[in-house]
Amino acid sequence: MASLPPPMWAELYYGGAWHDVTGDLRATETVTVTRGLGSESATAADPTSCECTLDSRDHRYAPRNPMSPLYGLIGRNTPFRWGYTIGSPWALFDNPSAGYQALFVNDTPALDVAGDLDLRLDIALDDWSTSQLLALRAVPTTNYCWALMIVDGALTLQWYPGGTTASRIYRTATEPIKAYRGQRLTVRAVLDINNGAGGHEVRFYTGRTVNDAEWHMLGVPVTGTGTTSLFTGTAYMEIGGSFSASNLSPAGGFISDMRGRAYALQLRDNNTIKVNMSTASATPGATSFVDSTGLTWNRGGTAVLTNKHTRMAGEVPAWPPTRDLSGNDTHVQITPTGLLRRIDAGNRPQESTLLRYIKAHNPIECWPLTDGPRSTYARSLMGGQTMQQKIMSGDTAAEWQGGSLAEWIEPVLAVKANTTGAIRGDLPASTSAAQAWSVDLFLSGGGTPSSGQWTISDRGSGTDANPQNRIVMIFSGNLSQLTVIRETYSTVSSSSALLANVPAAVYDDQPHHLRLTIDPQGPDTLWYLYVDGQLAGGGTIAGIALKAAKTVMLGWGYATIAGATMTDRSFGYITYWDGTGPTAAQMWTAYLGFQGERAGARIERLAAEAGYTVSVAGETVFQQPMGIQGRKKILELLNEASTTNFGYLVDRRDAVELIHRGNSTLWNQTPALTLDFAAGLISAPFRPVDDDKLTENDVSVQREYGSVPATETLQTGELSVQPPESGGVGRYDTEHTYSLYTDDQARQVAAMRLHLGTYAGVRYTRISLNLANPRVFAMIDDILRLDVGDKIRLTNLPPDHGPDDVDVLVAGYSEEAGPDAWTITFNCTPGQPWTAGVVDSGIYGRADTGGCQLTSAVTASATSVPVTTTGQARWVDSATYPADFPFDVRVGGEVMRVTACTGTTLSQTFTVVRGINGVTKAHAAGQDIRLADPVYVAL
């Protein structure tokens, strides 16, 4: 049991390093930290916050005090972190400049694997996307056994049947690990040296602990031809780095050592445990320890065994001084906060995806044409020359900010129907554009019946020695065509049609994009025209080498053609690139608001564009495709993506970063913590909530910028829209708007909301633990590992709470550590709805019946139960499917274990064991009977 206050530490970052300020952390005051969602109904996380007090009797924590030793070193948003030194240690490899850092065990027969290799490693990496060595058994040059590593974000197993690098074989997972920075996972590689088909096979998994019953496979099994074997050798085994082994990367050569933390390693040979190491067996600060299999592990190099937990990392926004009446006791009550606070500090909406993308890729020139209504010229985004409007006799000035390319793009230049005019801009000279260049134009609207053109001139002077070449695109709105012409000007001028009357469906009120690309090739020039990201035409201009572009002119006009309709048009974002700029397809994607972009990718891109660090957990294939990115505040956009992905976006606990935990990481979790109420582990207040606060049984979901909303309704059952007198609860209709790629997704999202909104169990919204309670403190390692999104299982609940175990997910928490108390309170949401069916799983592989009831009444002691299936598929019978037994069913609140089932029609008979959940009672005929633990189709 920890004494109060628990052993805490605190640090401030200034002068390029972290500095310990634990001695100034006032022990008589409570430190409070809140993180994640504050309630079950919250839709977004609040910034992480910490409240603590620093002694400042010498006025050192006064940024305005020139006599303070910290003057000029601390101020607004000074980095801060706080935590405990308590519990079991782990091995820390955190200093790339420190050289060798590892845990190692010397050679012993226990390290030899003669059959199938099963390697499990419990680690937390600083960055899961970078290539690094995780564990190995290898010493050069003829003693290489195996190595586990990450290569470009994917787990890779490498082994050496002959003990030399020449015999190297490696296999890489077909799916990368998608984990947030600092996330703790158990990775697993299983090598089947003989798969029974004349080859070998490697499978890769992730889990929570080395002893998990269920694992998540990464991708698909990777097979190879021919059986294989493992070299035993006499090498030692290492985690984290290699002291002497070299040439370890799959292609040969160097691979970086692991950066992060190591907790456990388990090595199996044909499922026999050979090595079972956990750093929990060590003492903090030790140089060696003995694992449960009797092996001695040593700390290598500058690695350390530490139990220094970071519970909060943030920034100090202010240093308000406080003093007592005597003036002698001066202290500072600070409230460090996470990155979410700073991200949400402003109120300016984000620029459009197109503008942000252009800025991020640094073109040579860009005129957005988004200037104010009273403008007479277009300003350069890059600080270059302005684009001037040319108004000749009879011309009409264009309307600045009167046009619209799309709802999610800034207002641009509007050209009204039946008007003429032009705008012209001079492009800066660029040596890089002499190799190749492109010019973009973005437009919307019907266009003129016949005339109107876009002209790009190169840097020729118009002489015979230096002719000027122009590419002219003529718009023919009445014919939905584009014509591309090459013009050359010198003392003798010439022209030719490069592309005549090509169909171009760009004359409507939808967003469109044109790109001209010029690529000089010796005496000739290659040219390409892209329309809406696709190649529309191109070819070779023989005998003419175009130079870099000099001017761009956009002209508009009209000609009277019988029956022709003249409409308004909008133009914007005339942009000039060299040959290294984004592709036409990439520009088109940015223009359309990155439709179809996966939720995690959007979160990462948005943060990177704004200069923030964010990382995402959850494989890309399971992330929701996003709709159009609108012009909203950045935090609103980040939360929008997180909400669409049914995940959590929160401050990272141990760094000033953001993490997103996607919905795929929430399904089918192993409980991170099991709390036995009967053992006195849960503190008051502890009560179930069984009300209609979160009920949604008639859900409508509208896709933003979409068409007809999708609606999902629960028509039958205890939480259905039927009135209470008919067995339901009445209608609870809700309407939501989501950023979705397709209208079909709206129905899936509506079904997911309906699923979550019709959870029929009780809810535990708050779970409090007293960490000073010896029984609770014994679980301190598991408690301090708990993070937002993790599952807690509640067991042995009071009878009036119901007979079953209950699963909850952690949505947020608050913890208090001080001289009088040390507590943590978790804000929770129901966990049972996050149970998904998995094919061939022993735990999640059983589908429920479509409907079943008791054929006749059963007594409280009956072990033979007649059932009639009302759905289409009957229950499995034990004669045909003996391996599928036993399984548990629920009827009238009682859980029965079915050990056998006879009958092959819709009428069958169960042989059961009664009262599995402690409830045994009689049941009437017609009582509904279902699987005790049903699974659902994941989003």
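In which loop is Pro685 found? Pro685 sits in the loop between strand E43 (673-676) and strand E44 (698-703). Here helices (H or I, at least four residues) and strands (E, at least two) are DSSP runs, numbered from the N terminus.

The structure is a predicted model, in which local features need pLDDT of at least 70, side-chain atom pairs count only at pLDDT 80 or more, and totals for chains, interfaces and linings use all residues. Residues are numbered from 1 along each chain as its sequence is written, and side-chain values use heavy atoms, with hydrogens and water left out.

**Backbone**

Most residues other than glycine have a negative phi, and most peptide bonds are trans. Ala684 and Pro685 are joined by a cis peptide bond, with omega about 0 degrees. Another cis peptide bond joins Phe885 and Pro886, where omega is about 5 degrees. Pro886 belongs to the loop between strand E52 (864-869) and strand E53 (887-891).

Asp532 is not a glycine, yet has a positive phi of about 50 degrees. Its place is the loop between strand E36 (524-531) and strand E37 (534-541). Asp532 has 17% relative accessibility and so counts as buried; buried means under 20% relative accessible area, exposed over 50%, and partly exposed in between (1.4 Å probe, protein chains only). Tyr573 also has a positive phi, near 55 degrees, in a residue other than glycine. This tyrosine, Tyr573, is part of strand E39 (residues 569-578) and is buried, with a relative accessible area of 0%.

**Salt bridges**

Side chains of opposite charge can pair when their charged atoms come close. A salt bridge is counted when a side-chain nitrogen of Lys or Arg is within 4 Å of a carboxyl oxygen of Asp or Glu. The structure holds 50 salt bridges. Three of them are listed below.

| Lys308 | Glu11 | 2.6 Å |

The salt bridge of Lys308 and Glu11 links distant parts of the chain: Lys308 is in strand E21 (residues 304-316) and Glu11 in strand E1 (residues 8-14), 297 residues apart. Lys308 is partly exposed at 32% relative accessibility, while Glu11 is buried at 8%. In the second pair, Arg57 is exposed, with 52% relative accessibility, and Asp55 is buried, with a relative accessible area of 16%. In the third, both Arg605 and Glu597 are buried. Elsewhere, a network of salt bridges links Asp127, Arg181, Arg261, Arg652, Asp654 and Glu657.

Glu365 lies in strand E24 (residues 365-367).

The side chain of Glu365 does make a polar contact with the side chain of Ser380, at 2.4 Å. A polar contact is a pair of N or O atoms within 3.5 Å; within protein, one must be able to donate a hydrogen and the other to accept it, and residues adjacent in sequence count only if both atoms are side-chain atoms. Not counting residues up to four places away in sequence, Glu365 touches residues including Leu381, Met382, Leu427, Pro428 and Tyr576. Contact means heavy atoms within 4.5 Å.

Helix H3 (residues 584-591) has the buried residues Ala584, Met587, Trp588, Ala590 and Tyr591. Seen down the axis of H3, its buried residues fall within an arc of 160 degrees, so they line one face of the helix; the arc is that of the directions from the helix axis to the C-beta atoms. Among the elements that cover them are helix H2 (353-360) and strand E30 (437-445). Just after H3, Gly593 takes a positive phi of about 75 degrees.

Rings of Phe, Tyr and Trp (its six-membered ring) pair if their centres lie within 6.5 Å; planes under 30 degrees apart count as stacked, over 60 as edge-to-face and the rest as tilted. By this rule the count is 25 aromatic pairs. Tyr13 and Trp18 form an edge-to-face pair, 5.2 Å centre to centre with 65 degrees between the planes. Tyr357 and Phe594 are also edge-to-face, at 5.9 Å and 65 degrees. Tyr357 lies in helix H2 and Phe594 in the loop between H3 and helix H4 (599-610), so the pair ties together parts that are 237 residues apart in sequence. Both Tyr357 and Phe594 are buried.
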